[in-house]
Amino acid sequence: MTDYFSHKKTNEELRLAEDANKEKYWKRWGPYVGERQWATVREDYSFNGDAWSDFPFEHSRSRTYRWGEDGLAGVSDNHQLLCITLALWNGQDDILKERAFGVTGPQGNHGEDVKELYFYLDNTPTHSYMKYLYKYPHAKFPYKELVEVNGQRSRLEKEYELTDTGIFEDNEYFDVVFEMAKDDDDPDELYFRITAFNRSSKPAPLHILPHIFYRNTWAWGMPEEEENPKPNLSKVGSNSIGVDHWKFGGRRLIFAPSPMNDTDVEPTFLFTDNETNMKRLYGVANKAEFTKDAFHDRVVDGVEDATNPACEGTKACAWFNFDEISAGDYATIRYKLTTKDEDEIDEEEFDEMFVKREQDADEFYWRVSPLPIPDQMRNVQRQAFAGLLWTKQFYQFIQEYWYRGDPTADVKPAPNRANGRNKDWKHMYINDVLSLPDKWEYPFFAAWDTAFHCIPLAMLDPSFAKKQLELLLREWYMHPNGQIPAYEWNFGDVNPPVHAWAAFRIYKIERKMYGVTDTHFLESVFQKLLLNFTWWVNRKDADGNGVFEGGFLGLDNIGIFNRSEPLPTGGTLEQADSTGWMAFFSLQMLNIALELAKTNHVYEGIASKFFEHFLLISDALTYMNALPDDTESTPQSLWNEKDNFYYDSITWGGDNKQALPVRSLVGLIPLYACLTLEPELLKSFPNFKRRLDWFINTKSHVAKRNIASMKSRGTGDRLLLSLVDEDRLVAILERMLDEDEFLSPYGIRSMSKFHEENPFKMNVHGQDYTVGYLPGESDSGLFGGNSNWRGPIWLPTNFLLVESLQRFFLYYGPSLKVECPKGSGEYLNLAQVAEELQHRLIHLMIPDDMGERACNGGDKLMNHDQFFKDCVPFFEYFDGDTGRGLGASHQCGWTALVAKWIHDTGISCRAPGSARTPRSESLVSLHSKKAFSDYVPVQTPIPGSLTRRKSARGLFTLTADVLEMTDEEIKAAQASGIPGLSRKSSNVGHTQYQQNQAAADGSPKSVASEKDKERMMDFLSQVRNAMSSFQIDDNDEGFVSGDELEAQH
């Protein structure tokens, strides 16, 4: 951690330490509820594996889930036993809005896609403060229109989104802000606040129903649940729901009245059971008298007897009915989950808790990035982190019960259920909080996505990042043969082997940012990764020649054929990317082994083994079947001497081979496999050096062809291990940095633009196959059609390209320069090229001087509306020409990698669309003492410190407390009909910081206590001092530290 705040840890860091030491369980409660449980593989009990049809959206409000729960802004414990969510109704919709809606894979013209607008605005690693924004239209939600229009559109057309319907015109919608804060000292005391802002110039009604319910764990006959009594919710007093659960004991969910301008709105409490409505779905008698969909029936359809009049059950809600929220006005709901015997909420103290927790979040994120990064960039980074933390989810999957059926199942699944999906993964028993790619579109873990999530996660919470990798390698995840499960649609599919890299990066980030050297973690994952490496060598190198297959490898449709299926041509596909990945895997294992050898010399021998693996793979990639004296690439290799590029090849045995000349990411991935070795490191490991020298002498022809530093050492006398020598590196970069090929204004494309006019075609048995450049969505249904690797920009693969350039710079230094972009006449060293790529990628998400974010694709509403423009979407991938966001629209998994680039290079990033400028001119507006002394950081959208109205009950309680009234005086005052004090906010002074955060539409201003003002000013003083001490290096020659990348002496 940069030592700007060395005098004390932030409150959030203290919470993280307490949680890690098991002193207090700050992570027990978090955003662990899913956003789409329906139509998932886990809930699919069909015979043919059609998950989309077996559990459609229409069933979701009436049918109990088996493996998890979903909802809006969902919070639960870390086993999702008790869930707290949000439901809404605008008086127009046909259904109660309890969960997000979207089109399914078959319904969408580009696969499944959520059709809602919501944003993750803030979150902390312990979830001590969370903020979520949902935009709810006044008009009837266009469910049918969204399905029909998307179904009518071809794959060549854009998706039809909610904003395209015109439903947000004239601002006729509510901004519904959900917040959760945790107590100062007790992690089980949870404060919830919902604020619904009417953004329209017209009044509108709104029903808000905070939900609390239990995941149904009692109906399946699981042995694990036999001894546990069925939990219960019941009404306690006039304003509370009692929580009685065998794990949590007795608790209460207490509600305060919601204050409006002239009256308080009291909630109506409704109760039912989380049980399937068999009669509605299947026309048979219900097993339970009250069912999951009762609140819909009661609120929307007006069925009075739909809910339990005894006020008990396993699902409950507090129904707040706002007949009218005035134009520009708002409504606030406060409620609290507590273990204490309380009846009322002290609203002043309650709101103060949100102010403190948001300040904690501000301090923590300034600790993570304590540099003068522009506010727009910091906003992107903060929301990237927030989304990453919001997309944690409890994930449960027990293969034995899923495949064979639950003990009490009325009908057992077919013997080969779901077409045999995942039948070979009998050992899987998952019951964990996992980092998911996207909680609606990808509500399951994906192995290589997780590895990339862990990089920004390690900046915030190294313990959680490490656990994510450890889980994937545990015996109840990893197959006994050593394969890491890919994703639930097919655990046996093959993802790129990036987990050794991720483990080492987490280790390095934690050491650099937090001063912790966790060798135990590194050693424990290394042992399991040895199993995975062995699986790759035994299963994916069919001929044992060092050239690997691998199948789709996460790149979906990048090839001319479906790489997960047998080739229509026959033969075997030898993959440049798979071989590059294995060389990369070898070097990362070598890196880890050398790091571990510092304290245990046994690892020197293992390091030499991976050194040998790398050289043999490297030799096979370029010099397949070469004689010892050959120094040129052979026709059997995957390197094409004429095109200066790597291509996949089909082999039918022997010399019978055909290259597939497609210029794609497949040919860039071999650049990932590079590593520098420090001379001091070699000197400290004599056994490793002796084995290295033996191999070089024994197989000198292999060494000479594949170790660039055999003839001359690099900068700092370093050695370089790489699949490419200098000539080949420069040749590949010439294509990669050509704007007519791979280089986009927003990063590196996944396929060369050359193929836009020159598609590659093959005719096999009378059928034509074509692959061409497609900058936007896919034009085929391959892998569901919702991903495209034939041109768009993907952040994870760009991230590894940037790191590779940085590693090459460690060897070549500032002397090796390449033209960037090609034809520009400007030559940059490889560190400068890496920085240029990072800036282009950051430009995807920050607004240009016209206020346009490239990722918004020219959407006027998203770019310029005052209530939208500061909300940042994190898409799955981006148009290769325009930067328009594509795929999953709330993807805060690997797209959150942008937060690391902002951390590393945000200080020198130029404005989008501007020419590359020297580092010292990039942030002129912040480089003056006056600017530093006056600097005030911008908060996230809709700050939690905005004052909300207090209810009459809350204000009366506050008055009684301030005046020290006796019980008799309180009763007398109540009897006299005193409703409370003024409806206006307390007259508390504003800080300059908070005044700057006043809502533009006249919403309540921010307030803080004197203690909070003092604390905030102390924090601002730290920020300003840190910024004032920062110096911009006028030397623009670039700099890369190997401290995060390589094992060092």
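Select helix α8, residues 375–390, in this predicted model, where helices are DSSP runs of H or I with at least four residues, strands are runs of E with at least two, and both are numbered from the N terminus. The 16 residues of α8 should span 22 Å at 1.5 Å a residue, and because its end C-alpha atoms are 22 Å apart, the two values agree; the expected span is 1.5 Å times one less than the number of residues. Colour α8 by burial, and you will find that 14 of its 16 residues are buried, which means under 20% relative accessible area, with a 1.4 Å probe and protein chains only.

Next, select strand β25, residues 648–651, where Asp648 and Ile650 point one way, Ser649 and Thr651 point the other way, and all are buried. In a regular strand the side chains alternate between the two faces of the sheet.

Strand β22, residues 572–574, runs antiparallel to β25 and is joined to it by three bridges, with threonine 572 opposite threonine 651. Strand β26, residues 657–660, also pairs with β25 in the antiparallel sense, over four bridges, and here isoleucine 650 stands opposite glutamine 658. Five residues lie between β25 and β26 in their hairpin, and glycine 653 in the turn has a positive phi of about 105°.

Finally, show the whole protein, which has 30 helices and 36 strands.

Residues are numbered from 1 along each chain as its sequence is written. Local features need pLDDT of at least 70, side-chain atom pairs count only at pLDDT 80 or more, totals for chains, interfaces and linings use all residues, and side-chain values use heavy atoms, leaving out hydrogens and water.

Definitions and conventions. Buried means under 20% relative accessible area, exposed over 50%, partly exposed in between (1.4 Å probe, protein chains only). Two strands pair if DSSP finds at least two bridges between them.
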